[in-house]
Amino acid sequence: EIKVPQGWVLAPPGRRIFAALLDAWLVVGVVGVAFGVPFGDFVLVLPLFESARGVGALGTVMVGGAVYGTASEWMLGCTLGKAAARLRVVSVDPSRPTLGLMRCGARNVFRWALAPWALLGLGARDFRHRGDVVASAAVVMRPGDAADDPRPRGRD
C-alpha cells in the first residue's frame with residue numbers, strides 16, 4: 001500500500017481519464033493546427049501513417065505531450081487537464097517528498113510515448129499507471145472533491 005500526503009486520496013480512474021482527455025485534446029489541437037492535420041486523423045490514428053506530415057504530427061504529439069506534462073507537473077504539480085479535474089501529482093516516496101524534473105519526465109514518457117503500456121496499470125487497485133510506479137508518484141485529489149462523497153457539503 002502506498003502513502004499519499006495527508007489530506008489527499010488517490011484519484012479514481014474516471015477522473016484521471018477525464019483529465020488525460022483534456023490534456024490530449026489540448027496537445028493534439030495545437031499540433032494538428034501546426035501541421036495542418038485534421039483532429040479526426042488523430043482519433044482514427046491510421047490516417048496519420050499515410051503521409052510524412054501525419055507521422056511527424058504523431059511524433060510531435062508524443063514528444064510535445066511529454067514535454068508539456070513534465071514541465072507542468074514539475075512546476076505546478078498538475079497539467080491543465082488535471083487542474084480542471086482538481087487533481088495533483090505527488091510523490092509517494094517519503095525519502096523524496098517532491099517529484100523533481102527527472103521523475104516527472106519518467107512518468108510523462110510512459111504517459112505520452114508508451115501510452116498503451118502505461119494504461120495497463122490503471123486497472124490496479126491503486127489506480128496508478130506504469131509511469132506513476134516508476135516515478136514513485138500518484139495522482140491525488142481532496143476527499144471533498146469526490147462526486148460520490150457521502151459527507152454533507154455544508155459548513156464544517
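1. Arg107 and Glu73 are both buried. The model is a predicted one, and every value below is computed from it. Arg107 and Glu73 also form a salt bridge, in which the closest N and O atoms are 2.9 Å apart. The two partners come from distant parts of the chain, with Arg107 in helix H5 and Glu73 in helix H3, 34 residues apart.

2. Arg107 has a further salt-bridge partner, Asp132, at 2.7 Å from N to O. Arg107 belongs to helix H5 and Asp132 to helix H7, so this pair ties together parts that are 25 residues apart in sequence. Asp132 is buried, as is Arg107.

3. Which residue of helix H1 does Asp132 pair with? The partner is Arg16, and the closest N and O atoms of this salt bridge are 2.8 Å apart. Asp132 sits in helix H7, residues 130-135, and Arg16 in helix H1, so the bridge ties together parts that are 116 residues apart in sequence. Both Asp132 and Arg16 are buried.

4. The structure holds 7 salt bridges. A network of them links Arg16, Asp23, Glu73, Lys82, Arg107, Arg111 and Asp132.

5. His129 is placed in the loop between helix H6 (115-119) and helix H7. Is His129 buried or exposed? His129 counts as buried because its relative accessibility is 6%, under the 20% limit. The C-alpha atom of His129 is separated by 8.1 Å from that of Arg111, and the two residues are 18 apart along the chain.

6. Asp93 lies in the loop between strand E2 (88-91) and helix H5 (100-112). Its relative accessibility is 19%, so Asp93 counts as buried, given that the limit is 20%. Leaving aside residues up to four places away in sequence, Asp93 touches Arg103 and Ser136.

7. On the overall fold, the protein chain has 7 helices and 3 strands. In sequence order, the pattern is β-α-α-α-α-β-α-α-α-β. Of its 156 residues, 39% count as buried. Among contacts with a separation of 6 or more, 64% are between residues 24 or more positions apart. The chain exposes about 9,100 Å², and carbon and sulfur atoms supply 67% of that area.

8. Which residues make the nonpolar surface patch? The patch consists of Trp25, Leu26, Val30, Phe39, Val43, Leu44 and Leu80, and covers about 750 Å². Helix H1 (13-35) and helix H2 (39-44) each supply at least two of its residues. One member, Leu26, lies in helix H1. Leu26 is classed as partly exposed because its relative accessible area is 31%; membership of a patch needs over 30%.

9. Two residues deserve a look at the backbone. Most residues other than glycine have a negative phi. Val45, however, has a positive phi, near 65°. Val45 is in the loop between helix H2 and helix H3 (52-76). With a relative accessible area of 33%, Val45 is partly exposed.

10. Arg86 likewise has a positive phi, near 60°, and is not a glycine. Arg86 is located in the loop between helix H4 (80-84) and strand E2. Is Arg86 buried or exposed? Arg86 counts as exposed because its relative accessibility is 52%, and the class begins over 50%.

11. On the rings, how many aromatic pairs are there? The count comes to 0 by the distance rule applied, which requires ring centres within 6.5 Å.

Key:
Residues numbered from 1 in each chain as written. Predicted model: local features only at pLDDT ≥ 70, side-chain atom pairs only at ≥ 80, totals over all residues. Heavy atoms only, no water. Patch = residues over 30% accessible without salt bridge, like charges linked within 9 Å, V, L, I, M, F, W, Y side chains within 5 Å. Areas by Shrake-Rupley, 256 points an atom, 1.4 Å probe, with all protein chains shown as cover. Salt bridge = Lys/Arg side-chain N within 4 Å of Asp/Glu carboxyl O. Helix = DSSP H or I, 4+ residues; strand = E, 2+ residues; numbered from the N terminus. Buried < 20%, exposed > 50% of the residue type's maximum accessible area, 1.4 Å probe, protein only. Contact = heavy atoms within 4.5 Å. Phe/Tyr/Trp six-rings, centres within 6.5 Å; stacked < 30°, edge-to-face > 60°.
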